[in-house]
Amino acid sequence: MIRVFLVDDEPLVLIGMQSMLDWPALGYELAGTARNGAEALEKIGELHPDIVVSDIRMPVLDGLQLAARSHEEYGALPVFIILTSYEEFDYVRRSLGLGAVDYLVKMDLTAESLTAALDRAKSAIEKEKALHAPAHPATGSLESYRERFFIQLYSGLFSDDAIIREHCQELDLTLDAAAYAVAIADIRNRELDPEQQLALSAGVTRMAADILPKYLPCHVTGMDLRHFSVLVLLDSRDGLEELLTPVLQKVNTILYKYFSTTLWWAVGTPTDAPRQIPQSQKNALSALPLLSEEEPIVFYRAEARTPLDHRTRIVAEVQDYIRKNPDKRLSLNDVAAVFNFSPGYLSQLFSQNGETSFVEFVTETRISAAKEMMASTDLKIYEISERLGFESAFYFSKVFKKIEGVSPRTYLQKLRGDADAKEETPDVD
């Protein structure tokens, strides 16, 4: 139950708010009250409420000072709802800058407006808790081995369906289906710094993993800071668009409510056998450049439908070459020569029709290849760095952490669940 703390220097206002709602029936518990900001700050530390409803103008500490001090001492929670008057809109702007989720004009306060503000605060609390919940179970857990299995599956390391089913049985996974399709989610938040993007990606991926199985059988696997894959188990290869489109739209609506972020989806063609699943993921990767605000859900088609599709198909072919050859020389000049393009034209193609720049795509692809090597081989970090053409293990570590949010050593320790990754390798922590 969400705990609510009330703060106002007017006793009648406190009494009025306490009696205004049937708090338990709405899912809230009144944790306590205070008559000034200083008393409230002390009690917040003792009672740990989730929401504080506070007047702005109070003795000792006013509402703004209380919100600021609370965030300094206790972090993002509790969230604040500020009570104000018509004349205090400058204070309102300052309160929202300090992290208050809503404000209410005291003269217009009603049960309905207070309930609506509490519900908005509750959504903010759920979002905050989701962002900061542990991204993965403990190192070496069954879930970490399942994630490693899906990385290996998507990498095409299993050529025999019997071997895949054997791994599934060991990991208590169900992959029995008439057909399979892979959807890749693109988390559309590019203005965040790596730490913020890491928190957002972990929260969105985790919530998607909770929501999607309620609508259809599937498995969700994180890819990088901006993407995750969904392996969908199908009853038939037919009707994929009719089945998936409403589900993905529903998931987008739910996730936007909690994280204020948009997901774009690229869906690969269905396959009949588990060993063919990597091809569906490759199709989905090839469809990523086709995504746009006008078309946030795209299903891969082998034939180009428009001139724009033709250009994006060229980009997809170049991307596929880069993915298959992460250990080769992949400068703009080198790759342009392979396809008989000028470097300027290839760069322009990526800028106008790709999801990232050419350099960003090469870097992200090499990091993805590094993760696959970590999952499928016993190579040391410096050996992986050398194979993928990084100028040094230190630079590789720096780039890896920028993209993944953790160092290669930390990622490898979590993936392998043992001490093998504790090698003497330059690292960026």
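Guide: What follows is a look at the largest nonpolar core and one of the residues in it. This is a predicted model, in which local features need pLDDT of at least 70 and side-chain atom pairs count only at pLDDT 80 or more, while totals for chains, interfaces and linings use all residues. Residues are numbered from 1 along each chain as its sequence is written, and side-chain values use heavy atoms, with hydrogens and water left out.

A nonpolar core here is a set of buried Ala, Val, Leu, Ile, Met, Phe, Trp, Tyr and Cys residues joined through side-chain atoms within 4.5 Å, where buried means under 20% relative accessible area with a 1.4 Å probe, protein chains only. The largest such core holds 31 residues, of which L212, F228, L255 and W265 touch the most other members. Two or more residues come from each of β6 (179–187), α8 (194–211), β8 (227–234), α9 (240–259), β9 (263–267) and β10 (297–299), these elements being DSSP runs numbered from the N terminus, with helices (H or I) of at least four residues and strands (E) of at least two. Helix α9 gives the largest share of this core, nine residues.

Taking L212 by itself, and leaving aside its neighbours within four places in sequence, one finds it in contact with C218, V220, V230, V247, V251 and W265, contact meaning heavy atoms within 4.5 Å.

Technical notes
Buried means under 20% relative accessible area, exposed over 50%, partly exposed in between (1.4 Å probe, protein chains only).
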